[in-house]
Amino acid sequence: PTEAGERDEHEPERQAGRAAARRPPARDNGGAVRDTLAQLQELTKSVESCQSEVSEVKRDMVAIKHELDTVQQVKEEIEELREYVDRLGEQSHRRKLRLLEQGLTFFLSYAILAAVLGMLQFGYNTGVINAPEVNIENFMKDVYKSRYGEDIQDDSVKLLYSLAVSIFAIGGIIRKSISSSFIEKYFIRKGGLLLNSLLGIVGAVLMGCTKLVQLYEFLFLGRFIIGVNCGLNTSLVPMYISEIAPLNLRGGLGTVNQLAVTVGLLLSQVLGIEQILGTDEGWPVLLGLAVCPPILQLMLLPWCPESPRYLLITKQWEEEARHALRRLRASNQVEEDIEEMRAEERAQQAEATISMMELICSPTLRSPLIIGVVMQLSQQLSGINAVFYYSTLLFISSGLSDESAKFATIGIGAIMVGMTLVSIPLMDRMGRRTLHLYGLGGMFIFSIFITISFLIKEMIDWMSYLSVVSVLSFVVFFAVGPGSIPWMITAELFSQGPRPAAMSIAVLINWMANFLVGIGFPTMKNSLENYTFLPFSVFLAVFWIFTYKKVPETKNKTFEEILALFRHGNGRGSLRDSRLYGSMLNCVNALEQRMPPAERAALMVAEEKPHPDSSASERSSRELVPASSS
């Protein structure tokens with residue numbers, strides 16, 4: 001018991017010793033506390049940093065939300081604009097359909113008849129010099145002998161006759177110095193035609209008095225003045241008809257120009273045969289009958305309506321334009337025509353009436369100008385004027401008698417009239433480009449046949465008939481395409497501003513080529529003999545390739561659609577997009593008209609400023625479009 005009691009007394013001391021042994025030193029406990037405090041401070045700083053980052057993220061999210069709201073508003077505005085553009089496109093399409101439903105009226109027919117008398121004058125004076133060639137040469141010989149007391153050499157007579165033929169084209173070339181700067185700019189279309197008729201009367205009177213005064217210089221001067229008259233007609237008449245014709249009839253009515261030319265050509269050939277006026281006494285009357293078309297024009301034109309497109313766009317006389325349209329369309333519903341002209345006016349507001357030099361230097365208009373010039377060259381350098389001026393000589397060279405050659409020449413005129421009538425409904429059915437390709441291709445083939453027939457005519461008796469058939473077929477294909485299409489398509493390729501200058505350049509080139517063929521063909525025939533038509537064959541092949549590669553189709557297209565075609569991208573590849581692009585152009589113009597003047601001016605200033613970050617903006621716009629569509 002005593003030992004147990006002693007153990008109990010010492011037990012608390014032993015437990016206290018063991019607890020003291022287990023307790024860490026006082027210094028070690030203080031260090032742990034400091035470490036814990038440091039960790040707590042670092043954790044507090046991390047929490048504060050996270051809180052600031054969360055605040056920044058919240059601000060960014062608010063900004064993103066605002067941007068998303070803005071994007072949503074932009075998407076809604078884009079959708080509204082799309083709907084508005086669609087409505088404008090539908091309205092434009094319906095307006096065009098209504099334009100395509102317009103028909104031929106009395107006053108439209110009357111105006112076209114009065115205008116194309118100028119083209120009949122052109123055709124008559126082109127062919128009238130052909131049949132009386134021998135009579136005119138005999139007259140020149142007689143005058144020369146009575147004047148100088150000696151006979152003139154045959155080569156000199158041929159040269160004088162070639163001058164009488166080609167000075168007609170020189171008149172057409174010289175008149176270009178006054179047409180664009182004076183007649184077409186300061187005279188209305190109808191007024192220019194009326195003034196031009198006076199020139200035609202003067203020239204015809206001079207030619208008719210040639211034998212009376214025994215001066216072949218009167219013949220040269222009269223042919224020169226008639227050339228000026230016909231040069232103006234070839235510019236003013238197609239322009240006037242293209243501006244008064246409805247959209248769906250523009251092609252067919254444009255062919256009426258060529259029909260009038262062929263009728264005049266046929267009339268001169270028929271009257272020029274020996275049984276009528278193709279005699280030594282009758283040829284001055286034959287030439288003097290050229291006074292009839294301008295006299296008829298002076299009687300008919302004052303009652304014709306003026307070109308409404310010229311009145312509205314050039315003169316800004318809207319009420320006069322509406323009055324002219326009501327007469328031409330025989331209806332009070334002319335809003336579609338007015339709107340179509342307004343669309344053209346808006347499309348060319350940035351381009352004022354420009355001169356020929358400005359047109360040549362314009363990069364935008366260079367492509368249609370080249371097309372217009374080449375189309376004119378394809379008409380004249382095809383060899384057709386060699387046929388018109390010297391067909392009687394060609395037929396005699398192929399083996400026909402003098403009388404048979406003159407009747408074959410009449411066949412040329414009759415075929416021209418018949419095929420032109422056939423081509424009128426085809427013009428708006430098949431298209432300008434297609435008919436021009438057919439015409440050039442057929443002329444190329446039969447020009448080869450003409451050369452072959454000339455080469456073997458002495459070996460085979462009936463080959464002279466092949467020559468006649470080849471020449472007549474050559475004329476058939478000319479009437480199908482190159483006869484009328486170059487005049488029509490040149491007027492269709494340009495809007496109101498550059499159209500007068502473009503027509504002036506085109507007609508200048510046409511008449512220069514006309515002169516070269518008229519003055520050079522006799523020399524070329526003497527040099528090449530049976531290969532006379534071979535250079536024309538080469539030209540026809542080149543023109544066919546150019547037409548196939550470069551010339552667009554203008555059938556049933558408004559002027560702003562044709563303009564949009566060249567702005568959007570030249571060539572036939574962009575042709576299928578021209579209607580859509582033209583509609584877009586109309587819509588953009590309409591949107592600009594709805595903008596306040598201040599915003600419109602700011603937009604014009606912004607468009608003139610360069611945008612170095614345009615590529616970035618294009619990328620962002622491409623990103624926005626899929627987003628908006630989604």
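A search of the whole structure, a predicted model, turns up 4 cavities of 30 Å³ or more. The largest cavity has a volume of about 130 Å³. The structure also holds 13 salt bridges, and a nonpolar surface patch covers about 450 Å².

**Largest cavity**
- The lining counts 16 residues, and those closest to the centre are Phe122, Val261, Gln380, Asn385 and Phe388.
- Helices H3 (106-127), H10 (250-271), H17 (363-380) and H18 (384-397) each give at least two residues to this lining.
- H18 supplies the largest share, 4 residues.
- By class, the lining has 8 nonpolar and 8 polar residues, with no charged residues.

- Side chains of opposite charge can pair when their charged atoms come close.
- Glu318 and Arg342 form a salt bridge, at 2.7 Å from N to O.
- Glu318 sits in helix H14 and Arg342 in helix H15, so this pair ties together parts that are 24 residues apart in sequence.
- Glu318 is partly exposed, because its relative accessible area of 29% falls between the 20% and 50% cut-offs.
- A network of salt bridges links Glu318, Arg322, Glu335 and Arg342.
- Asp337 and Arg329 meet in another salt bridge, at 3.3 Å from N to O.
- Asp337 has 3% relative accessibility, so Asp337 counts as buried.
- Arg329 is buried too, with 10% relative accessibility.

**Salt bridge between Lys145 and Asp151**
- Lys145 pairs with Asp151, and their closest N and O atoms are 3.6 Å apart.
- Lys145 counts as partly exposed at 45% relative accessibility.
- Asp151 counts as exposed at 57%.

**Nonpolar surface patch**
- Val33, Leu37, Leu40, Leu43 and Val47 make the patch of about 450 Å².
- Leu40 belongs to helix H2, which spans residues 26-100.
- Leu40 is partly exposed, with a relative accessible area of 47%.

- Gln316 has a phi near 60 degrees, a positive value in a residue other than glycine.
- Gln316 lies in the loop between helix H13 (308-314) and helix H14 (318-329).
- The relative accessible area of Gln316 is 44%, so Gln316 is partly exposed.
- Ala330 is not a glycine either, yet has a positive phi of about 55 degrees.
- Ala330 is placed in the loop between H14 and helix H15 (335-347).
- Ala330 counts as exposed, at 59% relative accessibility.

How values were computed
Residues are numbered from 1 along each chain as its sequence is written. This is a predicted model: local features need pLDDT of at least 70, side-chain atom pairs count only at pLDDT 80 or more; totals for chains, interfaces and linings use all residues. Side-chain values use heavy atoms; hydrogens and water are left out. Buried means under 20% relative accessible area, exposed over 50%, partly exposed in between (1.4 Å probe, protein chains only). On a 1 Å grid over the protein atoms alone, a cavity is a set of points where a 1.4 Å probe fits but cannot get out, and a pocket is an open set with protein on both sides within 12 Å along at least five of seven lines; lining residues have an atom within 4 Å of a point. Grid points are joined across faces, edges and corners, and a volume is the space filled by probe spheres set on the points. Ala, Val, Leu, Ile, Met, Phe, Trp, Tyr, Cys and Pro count as nonpolar, Asp, Glu, Lys and Arg as charged, and the others, Gly among them, as polar. Patches are made of residues with over 30% relative accessible area and no salt bridge: like charges are joined within 9 Å, nonpolar side chains (Val, Leu, Ile, Met, Phe, Trp, Tyr) within 5 Å. Accessible areas come from the Shrake-Rupley method with a 1.4 Å probe; for residues, only the protein chains shown count as cover. A salt bridge is a side-chain nitrogen of Lys or Arg within 4 Å of a carboxyl oxygen of Asp or Glu.
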